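Here is a short briefing on one protein chain. Look over the sequence and the structure before reading on.

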Amino acid sequence: MTPTAPHAAAPTLAFQRPAASPLAGSGTATVDIVVPVFNEERALPGCLRTLHARLREGFPFPWRITVADNASTDATLAVARQLADELPGVAVVHLDRKGRGLALRTAWGASEADIVAYMDVDLSTGLDGLLPLIAPLASGHSDLAIGSRLAPGARTVRGPRREFISRCYNAIIRLTHGVRFTDAQRGFKAARTEVLGPLLDVTRDDAWFFDTELLLLAEHNGLRIHEVPVDWVEDVDTRVDVVGTATDDLRGLWRMARAKASGAARLELARRPAPAAEHPDAVLAAPSTRRTVLSWEVGCFIAIGIVSTVGQALLYALLRSWWSPALANLVSLLLLTLLNTEANRRLTFRHAAARPARAHLGAGALFVLGYLVTSLAVLLFRQADPTASTAAETLVLTGASLVVTVVRFVVLRTAVFGSSAH
């Protein structure tokens, strides 16, 4: 864990009790909402007064707001302390080093609340999403919750530049790490402190990649992440260095990929109990056996294999009208192999512990084998019958592909995904 900066004392301010409302007292979990700031003397008063009013009016959990000032060089700290004197339930933490990740790690790590959250000082994310963010954590249903601008139902108002960068970055995360969450960057997140501590112990980033690193660690270790579609309006008065942040994020993604591959990202965490029937007279399905698991794997693999083989044949026939047999086969096989591997990772061997990188690397080796076998089959067929039609050539390719598919299943099941799936 990265050492915290000096003078970052834990807030001791009591939590504010919920006001009288239909939901008041519906939960006992305490919530600490952190607002990290750097040189935000202009934006901070409006943020705190707006947030404070919303919490007092209708937030059903005991709450506190913590301003985490990370080495501001303007009057932000003085403004924060003045507002803390004015508004009950507002605490201030000061750090001598800059970095949003450092501010969050320090404030979250020192908090005694049951749930910790944070939001950006510009309040770009609509506060209507705060209760949906906290509720699944307070109930114990989920471990982390994130506001997403890319989830179905989200509404955003922002320029095309930020839209393009955000979508590209999140697409890179999904492509390289196979994650299921849609928006790693939105400054609107919450976590149960029970599971957050071990994650904070191993996070290394002190800046903007902190959010992504935390989510990658959480999903990698099987924690449940809840997504809330949010309303988001861009505030162009930002302190973010877009180019520098993007470069650091790419370095961070590479570092996390290496940590996953080496096992360093695997943590000991408190696990939720296994799913159990609520109804006392429920008729439960028989537990899975090795035979039923194998039947599922074979059935899924065959179905995916059929779709992939037909898809490759159609794509090959299309590309063959422009390219040579070898090039058409290479492109069609490459594209369908990527899709086939991802489908098998998510469906056929969905319970296996193999990471996405391992799955695609293993499939990459099998791709080379498949390409050599299918290309050799087509070339030998062309030598034997130079006048053969493209349709006949495609049939030969399909037969060779079926042979490769059988070999591929055996290798994926035994060497790539291993017995952990069973």
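Mean pLDDT for the protein chain is 85, and 90% of its residues reach 70 or more.

**Confidence**
- Residues 1–6 have pLDDT below 50; this stretch has 19 contacts in the model beyond near neighbours in sequence.
- Residues 21–26 also fall below 50 in pLDDT, with 8 contacts in the model beyond near neighbours in sequence.
- Where pLDDT is low, predicted coordinates should not be read in detail.

**Nonpolar cores**
- The largest nonpolar core has 38 residues.
- Those with the most contacts inside this core are Trp108, Leu144, Ile173, Phe181, Leu199, Leu214 and Leu216.
- Elements giving two or more residues to this core include the strands β3 (90–95), β4 (115–119) and β5 (144–148).
- Helices on that list include α3 (100–110), α5 (160–177), α6 (193–202) and α8 (242–262).
- Helix α7 gives the most, with 6 residues.
- Leaving aside neighbours within four places in sequence, Trp108 contacts Val34, Val116, Ala117, Tyr118, Lys189, Leu196, Leu200, Phe210 and Leu214.
- A second, separate core has 35 residues, among them Val67, Ala117, Leu130 and Leu137.

**Helix pair α10 and α12**
- Helix α10 (residues 325–348) packs with helix α12 (residues 390–416) at an angle of about 35°, and their axes are 13 Å apart.
- The crossing of α10 past α12 is right-handed.
- From α10, the contact uses Pro325, Asn329, Thr337, Asn340, Thr341 and Asn344.
- From α12, the contact uses Glu393, Leu397 and Arg408.
- The residues of this contact divide into 2 nonpolar, 5 polar and 2 charged.

Technical notes
Residues are numbered from 1 along each chain as its sequence is written. This is a predicted model: local features need pLDDT of at least 70, side-chain atom pairs count only at pLDDT 80 or more; totals for chains, interfaces and linings use all residues. Side-chain values use heavy atoms; hydrogens and water are left out. pLDDT is the predictor's confidence in each residue, from 0 to 100. Contact means heavy atoms within 4.5 Å. A nonpolar core is a set of buried Ala, Val, Leu, Ile, Met, Phe, Trp, Tyr and Cys residues joined through side-chain atoms within 4.5 Å. Buried means under 20% relative accessible area, exposed over 50%, partly exposed in between (1.4 Å probe, protein chains only). Helices (H or I, at least four residues) and strands (E, at least two) are DSSP runs, numbered from the N terminus. Axes are lines fitted to C-alpha atoms, for helices over the stretch in contact, and angles run from 0 to 180 degrees between N-to-C directions. A crossing is left-handed if the near helix is turned anticlockwise from the far one by less than a right angle, and right-handed if clockwise. Ala, Val, Leu, Ile, Met, Phe, Trp, Tyr, Cys and Pro count as nonpolar, Asp, Glu, Lys and Arg as charged, and the others, Gly among them, as polar.
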